[in-house]
Amino acid sequence: MAASRLISFAEKIIKPCFPTPLLLGRYNLSLIDQTIHSIYIPIAAFYPFPSKKPEQISNILEKSLSRVLSSYYPFAGRLRDNTFIECNDRGAKFMNVQYDCPMSEVVNLSDIGPEYLPFPKDVKPWSRTQDEDSLLVIQLSHFNCGGLAVSASLSHKVADGCTLCNFLTDWAAIARDHNAKIPSPLMIGSSIFPPSTDIHTDTLVDEIDYQSLGRKRLLFSSSKLKLLKAQVASKTGVQNPTRLEVLSALIYKCASTAARANSSSFKQSMLVQIVNLRPTFGPPLPTRAFGNIVSMIPVATTSEDEMTIARVVRELRKAKEELKNEDHVKENKLVWFLSNRQSMAKEIELYKISSLCGYPFNNLDFGWGRPSRVTVPAIGDENTFFFMDSQSGDGIEAIVSLPENNVPEFENSKELLEFADLN
């Protein structure tokens with residue numbers, strides 16, 4: 001196994017190249033930041049034929065990381081009591097690792113939690129971040145074929161997918177050109193969503209369980225998604241259903257059907273889709289708005305008759321339209337959901353969807369070309385679906401985590417196999 005072929009390891013702390021001004025020494029968490037689970041968001045990009053030597057690559061990444069941290073200074077600080085980030089320039093952790101194996105062996109390795117090699121051994125993907133932990137951990141992995149991987153594990157307490165993408169894109173821009181000018185992040189989260197004194201991390205964060213879960217990666221090509229969209233449109237009357245709407249409904253139905261096959265009775269369920277709120281504000285917030293600026297749209301299913309792809313798509317579209325008129329500040333649905341999730345889970349089955357589709361992760365060029373693959377490890381939480389653009393950009397990769405005993409029924413679903421390629 002590749003894990004036993006680690007031949008060198010080095011670790012250092014990268015500090016911002018310019019000290020954070022004293023006036024910016026405290027970054028207050030917003031209400032949504034406080035409520036979000038205190039876990040690392042992991043992502044890795046693989047590069048098979050870098051044009052530079054390993055020493056050059058390490059030097060470029062370290063120097064550009066130091067510079068970009070001066071703009072994203074909360075990432076170099078430490079979390080304090082689920083209330084604020086102490087922006088003390090303690091820095092981000094940077095790992096430099098070499099494996100005596102080809103990159104292809106690692107790319108195809110089963111990404112079961114802590115065994116997923118592009119990420120540090122002591123920072124399990126989707127694991128908790130504690131107050132004294134580095135909020136950002138980078139690993140540069142070199143392989144004996146000459147390929148490399150750049151991974152980032154970033155605390156969800158200070159960033160959603162949009163902020164993570166902005167950070168990585170800006171870091172890559174500076175790596176390509178040290179004099180590149182990047183727009184400053186807008187640190188406005190707590191001014192939009194004022195924090196609360198009644199939220200405590202230990203009651204809101206679940207332990208990540210890497211046991212008894214089955215993980216599947218499914219590829220949905222552009223042609224199959226077009227076919228699915230056409231079928232759904234003809235049955236629902238929904239004009240131009242999106243790829244995410246039809247794919248969410250398909251996987252939700254197949255996962256729920258698989259769960260029923262192992263149960264003696266139907267159990268009510270709810271599909272929860274995380275959404276970026278920036279475009280929904282009037283006027284829309286800039287994409288540079290920093291932090292967790294998200295909410296959710298729910299679709300409840302109370303009977304077997306309601307579990308159809310057509311109905312779920314209609315309900316998703318209806319919920320998205322209602323989202324535009326909701327007060328996300330006073331009554332944020334994601335805050336409500338995360339605060340009540342444990343009690344809800346006793347009564348209904350919860351299915352959660354997150355998506356990084358539409359963000360340019362596949363274009364992350366640090367100076368040696370675009371990655372051949374960008375991937376996110378499967379989360380250690382049952383009934384969770386994670387969507388990313390395929391490497392070609394016109395399809396979608398779905399990363400599915402289910403109870404292990406539900407997987408055989410799920411992956412043999414004729415409805416699923418009509419549209420999906422199982423990786």
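Helices (H or I, at least four residues) and strands (E, at least two residues) are DSSP runs, numbered from the N terminus. The structure is a predicted model, in which local features need pLDDT of at least 70 and side-chain atom pairs count only at pLDDT 80 or more, while totals for chains, interfaces and linings use all residues. Residues are numbered from 1 along each chain as its sequence is written, and side-chain values use heavy atoms, with hydrogens and water left out.

Pockets were identified on a 1 Å grid over the protein atoms alone, a pocket being an open set of points with protein on both sides within 12 Å along at least five of seven lines. Lining residues are those with an atom within 4 Å of a point. Grid points are joined across faces, edges and corners, and a volume is the space filled by probe spheres set on the points. The largest pocket has a volume of about 1,100 Å³ and is lined by 44 residues. Nearest its centre lie Ile-274, Val-275, Ile-353, Ser-354 and Ser-355. At least two lining residues are supplied by each of α4 (161–176), α8 (243–261), β10 (269–276), α9 (309–323), α10 (333–345), β12 (349–355) and β14 (384–389). Strand β10 contributes the largest share of the lining, five residues. By class, the lining comprises 23 nonpolar, 12 polar and nine charged residues; Ala, Val, Leu, Ile, Met, Phe, Trp, Tyr, Cys and Pro count as nonpolar, Asp, Glu, Lys and Arg as charged, and the others, Gly among them, as polar.

Salt bridges (a side-chain nitrogen of Lys or Arg within 4 Å of a carboxyl oxygen of Asp or Glu) number 17 by this rule. One of them joins the side chains of Asp-160 and Arg-278, with an N to O distance of 2.9 Å. This pair links distant parts of the chain, 118 residues apart: Asp-160 is in the loop between β8 (148–155) and α4, and Arg-278 in the loop between β10 and β11 (294–301). Both Asp-160 and Arg-278 are buried, where buried means under 20% relative accessible area, exposed over 50%, and partly exposed in between (1.4 Å probe, protein chains only).

A salt bridge also connects Glu-411 with Lys-216, the closest N and O atoms being 3.0 Å apart. Here helix α11 (residues 407–411) holds Glu-411 and strand β9 (residues 213–220) holds Lys-216, the two residues being 195 residues apart in the chain. Glu-411 is partly exposed at 21% relative accessible area, and Lys-216 is partly exposed at 26%.

The side chains of Arg-243 and Asp-389 meet in a salt bridge of 3.2 Å, N to O. This pair, 146 residues apart, links helix α8, which carries Arg-243, to strand β14, which carries Asp-389. Arg-243 counts as partly exposed at 25% relative accessibility, whereas Asp-389 counts as buried at 15%.

The peptide bond from Gly-282 to Pro-283 is cis, with omega near -5°, and Pro-283 is placed in the loop between β10 and β11. Asn-240, although not a glycine, has a positive phi of about 45°; this residue lies in the loop between α7 (222–236) and α8 and is exposed, at 60% relative accessible area. Asn-383, likewise not a glycine, has a positive phi of about 55°. Asn-383 lies in the loop between β13 (373–375) and β14 and is buried, with a relative accessible area of 6%.

Definitions and conventions: On a 1 Å grid over the protein atoms alone, a cavity is a set of points where a 1.4 Å probe fits but cannot get out, and a pocket is an open set with protein on both sides within 12 Å along at least five of seven lines; lining residues have an atom within 4 Å of a point.
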